[in-house]
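Hi,

Here is the structure I promised to pass on.

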Amino acid sequence: MSTTAALRANQPWPILAYAFRPFFLLAALYAPLALLPWVGILLQQISLPLGMAPLLWHGHEMLFGVVAAALAGFLLTAVPTWAKVEPLIGTRLAGLVGLWLAGRLAFWLAGSLPPWLVVAINLAFTLWVLCWALPALLGTDGRRHLSLGVLALLFVVAQTGFYLAWLDLLPLRLGPLDMLHLAANLLLVMIAVTATRIVRVISMAAIAENGTPRMLRFTPAREHLAVITLSMFVLADLLARGHPITGWIALAAAVAQADRLSEWPWGRAMGKLYLLLLTLAYVWLMLGLGLVGIAALSDALPGYAGRHLLFLGAIGGAVLAVFCIAGLRHTGRPLALPRAIWLALLCLTLGTLLRTAVPLLWPQHYLVLGTFLPALLWLLAFWLYALSFARMLLSARPDGLPG
């Protein structure tokens, strides 16, 4: 038996060979479905017993359904490399996937099931991921990446706060929507924390492909300033959303992100789609913070201005970028994205612009151009990814290596 055949014989089914495989695919397929009840109710086409306000249901499923699956796929794939521990694969991974699916079913039936059961199933998933990843990151090899473990812990705290507020058990003067904002803002900090690591790798690849190899140097002080100001915004937005002080902090964070972007490899390198995907997500982060700051300091913009740039553009764009980059690298393929991803990026960009601009400039067209069309574009973006990457995620690595 050849070495490649021997390696494959000891591996589980390809879909369970590494966590990014099932979770990236499931998150991409579920991302549009999580919009259906909310959009359908707005358009008066669907009536479902959701057990809570449609906006809260929608926010939960996008953050603690779609993004939580993406985060699980990322952490359970990256941590074994960072901390030199055995990955979660095979039967144990299948159990975790089953728990995530049970959580989605529970939330679709949240109006009919006991609330404690809905909460228990959904918290069990994120706690399982956290309890697996955090001890590994506390070890000697994983401590360099411990900040991500801390952010993941805070994300679970925000999720728990959402459930307590939903059940009227949160002792603070905070509601479920505040907890959704906190969770989304924490994801923005995760993007900022991981940006340098990912950008350094893919930037070098893009520069090398252009035939002009050179070393990239990122200033640590700029990275730290970007993360610190963004973290200050998270705290201020939780305690005093819409307050002028929060507005100034948001503007400071926007400037810090812009300063950080100035070190990224602009020019011909941006012609590489894998770099453009991540860069555009970070641009949305910068612009969204700017709009949030202006909205808090001026009556010219409503309080929600900039939020969709942050949540739809920055978080959605970063998720799509990680799906594509990790989906290629960890399946043993070169960084050559399918052409359909260009269309996916276009759909995500147009959807972000429409969701942001229509409510501000053309509120009379809110339902069709500001809600229905962006939802359709969101569907196309992630289902194009699923169609393009399904074969890669469902099949073994061409080089025969594990993963």
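**Helix packing, pockets and cavities**

One thing to know before you start: this is a predicted model. Let's begin with a helix pair. Helix 2 packs against helix 5 (residues 90–108) at an angle of about 10°, and their axes are 11 Å apart. Angles under 35 degrees count as roughly parallel, so helix 2 is roughly parallel to helix 5. On the helix 2 side, the contact is made by P22, F23, L26, Y30 and L33. Helix 5 brings L93, L96, V97, W100, L101, R104 and W108. By class, that contact has eleven nonpolar residues, one charged and no polar ones.

The largest pocket holds about 850 Å³ of space. Its lining has 32 residues, and the ones nearest the centre are L55, H58, H308, F311 and R355. The elements giving two or more residues to this lining are helix 3 (36–42), helix 4 (54–83), helix 8 (176–209), helix 12 (307–329), helix 13 (340–361) and helix 14 (366–394).

Helix 8 gives the most, with seven residues. This lining has twelve nonpolar, seven polar and six charged residues.

The largest cavity has a volume of about 290 Å³, and 17 residues line it, with L71, I191, A318, V319 and V322 closest to its centre. Helix 4, helix 8 and helix 12 each supply at least two residues of that lining, and helix 8 gives the most, with six. The lining is made up of 16 nonpolar residues and one polar residue, with no charged ones.

The second largest cavity comes in at about 100 Å³. Lining this one are A68, L71, A72, L75, F125, T126, V129, L130, A152, F155 and V156. Ten are nonpolar, one is polar and none is charged.

Cheers

Technical notes:
Residues numbered from 1 in each chain as written. Predicted model: local features only at pLDDT ≥ 70, side-chain atom pairs only at ≥ 80, totals over all residues. Heavy atoms only, no water. 1 Å grid on protein atoms, 1.4 Å probe; cavity = no way out; pocket = protein on both sides within 12 Å on 5 of 7 lines; lining within 4 Å. Points joined across faces, edges and corners; volume = space filled by probe spheres on them. Helix = DSSP H or I, 4+ residues; strand = E, 2+ residues; numbered from the N terminus. Nonpolar A, V, L, I, M, F, W, Y, C, P; charged D, E, K, R; others polar. Axes fitted to C-alpha atoms, helices over the stretch in contact; angles between N-to-C directions. Parallel < 35°, antiparallel > 145°, perpendicular 65-115°, else oblique. Contact = heavy atoms within 4.5 Å.
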